[in-house]
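Trainee: I would like to learn how to read a model feature by feature. Can we go through one together?

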Amino acid sequence: MRVIECTDLTKTYLRKNVLDKLSFSIEENKITGLIGRNGVGKTTLLKIIAGFIKETSGQVKVFSERPYNSLNVSINSIFVDDQMSFPPAIPLGEILTVAGNFYPNWDRELAKGLFDYFSFDPKSYHNRLSKGKTSTFNMIIGLASRCPLTIFDEPTTGMDAAVRKDFYRALLKDYIAYPRTIILSSHHLDEIEDLLEDVLLIKDGKKHFQMSISELKEWAIGLKGTTEEVLNFSDGKEILFKEYFGLNTMYAVVKNDFSEPLLNKAHLVGVEILPVQSSDLCVYLTSETKGGIDDVFNKR
Amino acid sequence: MTVLTAILPLVILILIFGVFIFMVRLTRKFATPKVTHWLLFIYIGVLLLGTVFVPFIIDDSLSQKGMEKAIDTDRELSGLYTKLNEGEIDQIDAKYLMKESSFSNYQNQSIRVESSNNDSSQIFVERKANNDDTIEAFIFGNGLIIDGYDFSRKLKPYHLELMKNTLTINLPQQQDINLIITKADFPIRQFTGESIINPSFSTGDQVVYLRIPNHLELIAGNHVFLEFIEK
Amino acid sequence: MSLTSVNLWETVKKQYFFKLKANIDAFSSLIGIQLLALLFSFGGVGSVGMGGGNFSINIKYYSADLVIGFTLIWAFVTAIVITTKPYRNHDFTFVTNRLSSSLSNILYLLTASIVGSITAILAGNLLKILAHILLDDQIYSFNTGLQELVMGIGVTILYVFFVTSIGYFIGTLVQESKLFIILIPVLFFGILFLEASMQKEPFLINVFKFYGMESTLFLFIIKVIVTVAVFFTAAISILNRMEVRR
């Protein structure tokens, strides 16, 4: 079953297309990573899916309904980010109760357990929490609500490394126990790639690609050797990323559609074949220039 | 000037608004739900307690001060004067009688009536059938009626003084009467037609009514107008 | 994971109780404002002086008028406040759509109107007691009937709810565009000044006559309910198009 279906989804702010004819779908009970650089419309997309904002054109269906103003989408989904707002008058302990009233699948035990584990004070207030603590608390709400569609938009903002690890572990454990559709948008792909099944990569408001994480890991290779040989081998291919070492050594990332003999040949002439980290690959794929930040300095 | 008078209320209005928003902000800061619950609890408690006690302070005033609604003031007043003219003071409603006094054992053949009122005072005189050497004096007043309610009791009656052969009617000193009246709130007044701005108000002079022994001769002083009752 | 379906009223009910809890502090400011009004009422809400013969009379009138007036302003501010962004965002943390959010807001405002009106009318009694104790004077009262009390509370609730609907509508306009913060006062006072300079009867007087001088209870109820419905419907239809948490 498709939980989310977008067709030609476009969102325009001040005549600028933040999302530009985006089409994709997300299957039920998968964890999908939403990857993209800052400002490519990840948050906008997630907010449209959550029904917070309206699409300008195109179609979006969540649980086969248009999410904007849909109660059914609202009760079956939750959107977690660091901007989640809670009434300043209600103490944290009571917020858990309130959330329990709203969300039918709410797991009180889990909420209480996580609440105590991260040593929250039930009498404290949400607006007095630090950045990291705010994210941690929101994450608890997101997990314990057990919504069939759970959206985490940069959930780890401000969290320290230990809490981030705890969060990912909690997310995975709870997902295994209660499978649901989860969308996770994060800058730290390296941290979450073990969690993800699918990756949806967005560039300039368009879908760049959507594939499973295992496909992504083998999608590209790195070639390292003398500049001449590397350029020779990557001839006719799009170089996703290149870097120079010393005078005559070059590293280039290209799409992996080499045949086995070709790879062997490369090996023979001294070109190293290296796997590309999926997080690095995403950075290369979404960057505007091929040389990365080095270009800025090399031109001077 | 006109601009100023037009702007001033606006400035005040905006100021009041500012104070309000400030208060709202302020309470949002310090008033935790617990504090608010207690505040509400105490406040409503005090209000209810107050409501329970109000009938006591109000009811007292009704019974002790004899506040009744005079329905048709004008008609009742003309009735009062007719009865006075006809000497039927027994039939006059007791509420108009402000003071009653009698001077017994008056042996003189004549009596002089003086008044400290520089405007002419009207005095009704009734001759009794017999000579019992007693002068009876009644002071009637339709005194003070505000919004149809009789506040005559608040007025001091004339003071009568008998010195040798002179009966002096002394007006009370200048009186300042302060009244505290509670009115219905405006959402009620809107439908009952009450007004808080223009109270209806009527007041009349006090009237002295004398019953004198049959043979007593009356001499009117300055500004005194005697009216003898024919029975 | 199986999907849950939900109906509107169930959601509105939950949101209503949530809002009572979340916005309970508004009642703290209500108490503060009513106490302030009581303080101002202490010298009497009206006074009349008269002279006659050899006496002069000074009447001080006491009533809860000022308390009710302040409560109206409180209700107006409260209604505007709950249309602001943070308050709308609270709803969208949990289960909501824009209609249920507005409906629960309206229910909350109705509750605030009822609480505000009852306390305002009863505060009038507190004023009598305080005047009795502190001024040490006899207090005369014209009417303390239960029927009038009930009617007074009912009419006051209508007035306060009326004002909240205006506040909610204006608050909504301001959320739609901040331009209205300037536009509404400019329009309001502009028309007043214009009418004053044209020697015309200000529309405010007509508005006041239409509602405030209506002496038939039934007609008054109809007028207020229709107006309230119009304002709230307009606000809901504007809010229905409004995006949150942009």
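Trainee: What is the accessible surface of chain B, and what share belongs to carbon and sulfur atoms?
Mentor: Accessible area comes from the Shrake-Rupley method with a 1.4 Å probe; for residues, only the protein chains shown count as cover. For chain B the accessible surface comes to about 13,100 Å². Carbon and sulfur atoms hold 57% of that. Keep in mind that this is a predicted model: local features need pLDDT of at least 70, side-chain atom pairs need pLDDT 80 or more, and totals for chains, interfaces and linings use all residues. Residues are numbered from 1 along each chain as its sequence is written, chains are lettered from A and ligands numbered from 1 in the order written, and side-chain values use heavy atoms, without hydrogens and water.

Trainee: How many helices and strands does chain B have?
Mentor: Helices (H or I, at least four residues) and strands (E, at least two) are DSSP runs, numbered from the N terminus. Chain B has four helices and 13 strands. Buried means under 20% relative accessible area, exposed over 50%, and partly exposed in between (1.4 Å probe, protein chains only). Of the 231 residues in chain B, 42% are buried.

Trainee: Which strands pair with β8(B)?
Mentor: Two strands pair if DSSP finds at least two bridges between them. Strand β2 (residues 110-115) of chain B runs parallel to β8(B), over four bridges. There, B:V113 stands opposite B:L167. Strand β7 (residues 159-163) of chain B pairs with β8(B) in the antiparallel sense, over five bridges. In that pairing, B:E161 faces B:T168. β7(B) and β8(B) make a hairpin with two residues between them. In its turn, B:K164 has a positive phi of about 50 degrees.

Trainee: Is strand β8 of chain B mostly covered or mostly open?
Mentor: Mostly covered. Strand β8 spans residues 166-170, and four of its five residues are buried.

Trainee: How many residues are in contact between chain B and chain C?
Mentor: Contact means heavy atoms within 4.5 Å. By that rule, 66 residues of chain B touch 71 residues of chain C. Buried area is the accessible area (1.4 Å probe) that two parts lose on being put together, summed over both. Between chain B and chain C it is about 6,600 Å², with 72% from carbon and sulfur atoms.

Trainee: How many salt bridges cross that interface of chain B and chain C?
Mentor: A salt bridge is a side-chain nitrogen of Lys or Arg within 4 Å of a carboxyl oxygen of Asp or Glu. The rule finds one across this interface. It joins C:D65 and B:R189, at 2.7 Å from N to O. Both C:D65 and B:R189 are buried.

Trainee: Where do A:R146 and A:D107 lie?
Mentor: First, the pair itself: A:R146 and A:D107 form a salt bridge, with the closest N and O atoms 2.8 Å apart. A:R146 lies in the loop between α5 (131-144) and β6 (149-153) of chain A, and A:D107 in the loop between α3 (92-102) and α4 (108-117), so the pair ties together parts 39 residues apart in sequence. A:R146 counts as buried because its relative accessibility is 6%. A:D107 is buried too, at 15%. A network of salt bridges links A:D107, A:R146, A:D174 and A:R180.
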